[in-house]
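Visitor: I am new to this structure and would like to learn how to read its features. Could we take them one at a time?

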Amino acid sequence: MKNGVLSDDQISALITSGAISATIPFEDGQVQPASLDLRLGNRAYRVRASFLTGRGQSVADRLDQFTMHEIDLQGGAVLEKNCVYVVPLMEALVLPKGMTAAASAKSSTGRLDLLTRIITDNGVEFDRVPEGYSGPLYVEICPRSFSVLVQPGLMLNQIIFRNGKTFINDEDLKALHVKTPIVDGEAVISDGLGFSVDLKPTSGDLVGYRAKPHTGVIDLSQIAAYDPAEYWEEVRTKDGHIILDPGAFYILVSREAIAIPPDCAAEMAPYIAMVGEFRVHYAGFFDPGFGWDSAGGAGSRGVLEVRCHEAPFVLEHGQVVGRLVYEHMSQTPAALYGQDIKSNYQGQGLKLSKHFKS
């Protein structure tokens, strides 16, 4: 197998071989162009604190130490804001030699300020599965802005599989941009493609949304069900800057339109861990074909989930806030994002999660 991020057909082959297994059959649409959506199991454990498992320990051992109570998710259960839960997932892995895996929150999960991270037996970092791992997968969930209603089978996270070295260095990324533009306008390339925040929209003065502090529950199975005004305050500016409040969560949008060619995938990373007093909150994967012209995505912006830290912070139009790290695909996917599969965010601008009415 060629080095790179595995495509949909290759992930399906891992399922057929038993390297990826599940407690119930896989669903149609669960395999994405370059990732697999992971499903919540039947139980959640309310724990005292977030934890990493640590070498020589299983998640089950840690749950024995830290569980406060157990919750049956069948029929639906509310996960409360600012509480930490661990949920066993339906999927398990037996990774072949030379292959690692990495997980991230799905777009809709990040846009709800749901901190969700994969943990494994013997794990020493979140969202990373080492070469040769054999065992179950769990997700830690901490709702930060809204309490949420969940049930078994909900897909909050996705996982990609990497065979060997996959990352595209800056030199090759510059060459790729010359051959097939990955961003409109000038490409700022340093440890990936830099992107900045848009605070001067072409029309109007709406630049983002800020989560309201005291809201109702969001049922994660409901699509286009909620009035944004009950959960979000509009953020408007006419002068190209906004002041971020400490502790507040914002949805903003990148100034640049981004494209992921069919033979690449990309991961959003913080520009540096801290840029001033805030950070772009959730890493995320971008599938092959995102923003790609022939996949119907010309002009797709990156939506930014931003949280401010200790002090109020002035965010200026065009300030670089994050970077996209591009990776080679092991092979081109059979289905591209937005072209062959239904995608909620192809061709997007500033957009809340799919749970809200547009």
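Visitor: Where does D127 lie?

Guide: This is a predicted model. D127 sits in the loop between β9 (114-120) and β10 (128-129).

Visitor: What is the phi of D127?

Guide: The general idea comes before the case. Most residues other than glycine have a negative phi. D127 is not a glycine, yet its phi is positive, about 65 degrees.

Visitor: Is D127 buried or exposed?

Guide: The cut-off for buried is under 20% relative accessible area. D127 has a relative accessible area of 14%, so it is buried.

Visitor: And A224: where is its place, and what is its phi?

Guide: A224 belongs to the loop between β16 (218-219) and β17 (232-236). Its phi is positive too, near 50 degrees, and A224 is a residue other than glycine. As for accessibility, A224 counts as partly exposed because its relative value is 43%.

Visitor: Let us turn to a helix. Which residues of α1 are buried?

Guide: An α-helix has 3.6 residues a turn, so residues three or four places apart point the same way. Helix α1 spans residues 8-17, and its buried residues are D8, Q10, I11 and L14. These residues are on the same side of α1 because they cover an arc of only 165 degrees around the axis.

Visitor: What does the face turned away from the buried side of α1 carry?

Guide: That face carries the exposed residues T16 and S17. Just after α1 comes G18, with a positive phi of about 90 degrees.

Visitor: What covers the buried residues of α1?

Guide: The cover includes the strands β1 (4-5), β2 (20-22), β3 (36-39), β8 (99-105) and β13 (155-163).

Visitor: Which way do the residues of strand β14 point?

Guide: In a regular strand the side chains alternate between the two faces of the sheet. In β14 (residues 193-196), L193 and F195 point one way, while G194 and S196 point the other way. All of them are buried.

Visitor: How many bridges join β14 to β25?

Guide: There are 4 bridges between β14 and β25 (residues 320-328), and the two strands run antiparallel. Opposite L193 stands L324 of β25.

Visitor: Which feature does UniProt place at residues 3-165?

Guide: The UniProt record, an unreviewed entry, gives "domain: 2'-deoxycytidine 5'-triphosphate deaminase N-terminal" for residues 3-165. In the model, the chain over residues 3-165 is 14% helix and 44% strand. The end C-alpha atoms of that stretch are 6 Å apart.

Conventions
Residues are numbered from 1 along each chain as its sequence is written. This is a predicted model: local features need pLDDT of at least 70, side-chain atom pairs count only at pLDDT 80 or more; totals for chains, interfaces and linings use all residues. Side-chain values use heavy atoms; hydrogens and water are left out. Buried means under 20% relative accessible area, exposed over 50%, partly exposed in between (1.4 Å probe, protein chains only). The arc is that of the directions from the helix axis to the C-beta atoms. Contact means heavy atoms within 4.5 Å. Two strands pair if DSSP finds at least two bridges between them. UniProt positions are given in the numbering used here, feature names are shortened, and annotations may be inferred rather than shown by experiment.
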